[in-house]
Amino acid sequence: MIKVLFVCHGNICRSPMAEFIMKDLVNKKGIREHYYIESAATSTEEIGNDMYPPAKRILSNKGIPYARRQARQIEKRDYDAFDYIIGMDSYNMNNLHRRFPYDKDHKIYPLLDGRSVSDPWYTDDFDRAYKDILEGCTKWLEKLERERHD
């Protein structure tokens, strides 16, 4: 089983959107049993809060199922528990590398190569965030599936 953890600042917008988008992608491909997918925050600001309502709305509008959840902060044990820890932007990546300074198993990656998923909490552009996250999740799933079959 491939275990993926998506990470953003507060775990109420981008990372839970990525979690549910990726879960939807694996469900539609009929490969759900090969993946365990979660999300977490680098900060403590939103711990215990559910996904931000506009993030829920965009997922609903795109027909992507989601569940009520509680934001949580990434923990040291997550490094051992997950195969891939995927950050949404350079700020998240810096925080992940501070938390796991050696990344000895090379588990920490950005969702997108060469650019960040802008934070819709600040931009209010949930459509753009959705498109970027879908692009990143689609590319990641292709990569993970190639690796799974090698």
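**Before you click**

This is a predicted model, in which local features need pLDDT of at least 70 and side-chain atom pairs count only at pLDDT 80 or more, while totals for chains, interfaces and linings use all residues. Residues are numbered from 1 along each chain as its sequence is written, and side-chain values use heavy atoms, with hydrogens and water left out. Helices (H or I, at least four residues) and strands (E, at least two) are DSSP runs, numbered from the N terminus.

**Stop 1: the sheet**

Four of them make an open sheet, in the order 2-1-3-4, with parallel pairing. Two strands count as paired if DSSP finds at least two bridges between them. Strands of a sheet pair through backbone hydrogen bonds, either parallel or antiparallel.

Now colour the edges. They are strand 2 (35-41) and strand 4 (108-110); each has a single partner strand, so one side of each is left without a neighbour in the sheet. From one strand to the next, the twist averages 25 degrees.

**Stop 2: strands 1 and 2**

Select residues 2-8, which are strand 1. Seven bridges join strand 1 to strand 2, and the two run parallel. Find Ile2: opposite Ile2, in strand 2, is Tyr35. Then find Phe6, which stands opposite Ser39 of strand 2.

How many of the seven residues of strand 1 are buried? Six are, and the strand is mostly covered. Buried means under 20% relative accessible area, exposed means over 50%, and partly exposed lies in between (1.4 Å probe, protein chains only). In strand 2, five of the seven residues are buried, so strand 2 is largely enclosed by the rest of the structure.

**Stop 3**

Select residues 84-87 for strand 3; three bridges join strand 3 to strand 4, and they run parallel. Ile86 has Tyr109 of strand 4 as its bridge partner.

Contact means heavy atoms within 4.5 Å. Axes here are lines fitted to C-alpha atoms, for helices over the stretch in contact, and angles run from 0 to 180 degrees between N-to-C directions.

Stay on helix 4 and click Arg99. Arg99 is partly exposed, with a relative accessible area of 25%. Apart from neighbours within four places in sequence, Arg99 contacts Gln73, Ile74, Glu75 and Lys76.

**Stop 4: helix 1 against helix 2**

Select residues 14-29 for helix 1 and residues 53-61 for helix 2. The axes of helix 1 and helix 2 come within 10 Å and cross at roughly 20 degrees. The two are therefore roughly parallel. Angles under 35 degrees count as roughly parallel, over 145 as roughly antiparallel, 65 to 115 as roughly perpendicular and the rest as oblique.

Show side chains. Met17, Phe20 and Ile21 of helix 1 meet Ala55, Ile58 and Leu59 of helix 2.

**Stop 5: helix 2 against helix 6**

Pro54, Ala55 and Ile58 of helix 2 make the contact with Phe126, Asp127 and Tyr130 of helix 6.

**Stop 6**

Click Arg14, in helix 1. Is Arg14 buried or exposed? Arg14 is buried, with a relative accessible area of 1%. Its contacts beyond four places in sequence include Asp89, Asp119 and Ile133.

Next, Asn11, in the loop between strand 1 and helix 1. Asn11 is buried, at 0% relative accessible area. Its phi is near 65 degrees, a positive value in a residue other than glycine. Most residues other than glycine have a negative phi.

End at His106, in the loop between helix 4 and strand 4. His106 has a positive phi too, of about 55 degrees. With 57% relative accessibility, His106 counts as exposed.
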